[in-house]
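Please view the structure alongside the notes.

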Amino acid sequence: MAVKITEECIACGACEAECPNNAIYEAGKPYTIGGEEFPALSEDYTYIAPDKCTECVGFHDEPQCIPACPTEAIVLNTDTPETPEQLTAKKEHLDKVGR
Ligand code: SF4
């Protein structure tokens, strides 16, 4: 995953509506993939489920959540780079199992 939300987040929810993969969740809320539920990844601020973020590959040329954030809390996570091929494969997997 190459996009993450930092502690600059004010939990306004502006990014959630922009995500075509339904990868962004409120603090403390479990995320789901294909109807299966997984524990929340943050109890403190809005978070992105890395298994669902394709950096918008397959939908848009650029991540849609980054410019949507009023506090610039969403940044590329260079610690965990993924190739375009990996991101496309993730998108296709989500197409199959459901977001
Ligand atoms: Fe969703 Fe795109 Fe942001 Fe990833 S980069 S969390 S797919 S809006």
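In which loop is Glu72 found? Glu72 is found in the loop between α1 and β6 (74–76). The model is predicted, and the points below are grouped by topic.

**Positive phi angles**

- Most residues other than glycine have a negative phi.
- Glu72 is not a glycine, yet has a positive phi of about 55°.
- Glu72 is exposed, because its relative accessible area is 67% and the cut-off is over 50%.
- Glu55, also a residue other than glycine, has a positive phi near 55°.
- The loop that holds Glu55 runs between β5 (47–48) and α1 (65–68).
- Glu55 counts as buried because its relative accessibility is 17%, and buried means under 20%.

**Ligand surroundings**

- The residues around the ligand include Val3, Ile24, Ile48, Glu55 and Cys65.
- Cys19, Pro20, Asn21, Cys53, Thr54, Cys56 and Pro63 are also among the residues that surround the ligand.
- By class, this shell has 9 nonpolar, 2 polar and 1 charged residue.

**Nonpolar cores**

- The largest nonpolar core has 13 residues.
- Within this core, the residues that touch the most other members are Val3, Ile5, Cys15, Ile24, Ile48, Cys65 and Ile74.
- Leaving aside residues up to four places away in sequence, Cys65 touches Val3, Cys15, Ile24, Ile48 and Ile74.
- In soluble globular proteins, nonpolar side chains tend to be buried together.

Definitions and conventions. Residues numbered from 1 in each chain as written. Predicted model: local features only at pLDDT ≥ 70, side-chain atom pairs only at ≥ 80, totals over all residues. Heavy atoms only, no water. Near = heavy atom within 4 Å. Nonpolar A, V, L, I, M, F, W, Y, C, P; charged D, E, K, R; others polar. Helix = DSSP H or I, 4+ residues; strand = E, 2+ residues; numbered from the N terminus. Buried < 20%, exposed > 50% of the residue type's maximum accessible area, 1.4 Å probe, protein only. Core = buried A, V, L, I, M, F, W, Y, C linked by side-chain atoms within 4.5 Å. Contact = heavy atoms within 4.5 Å.
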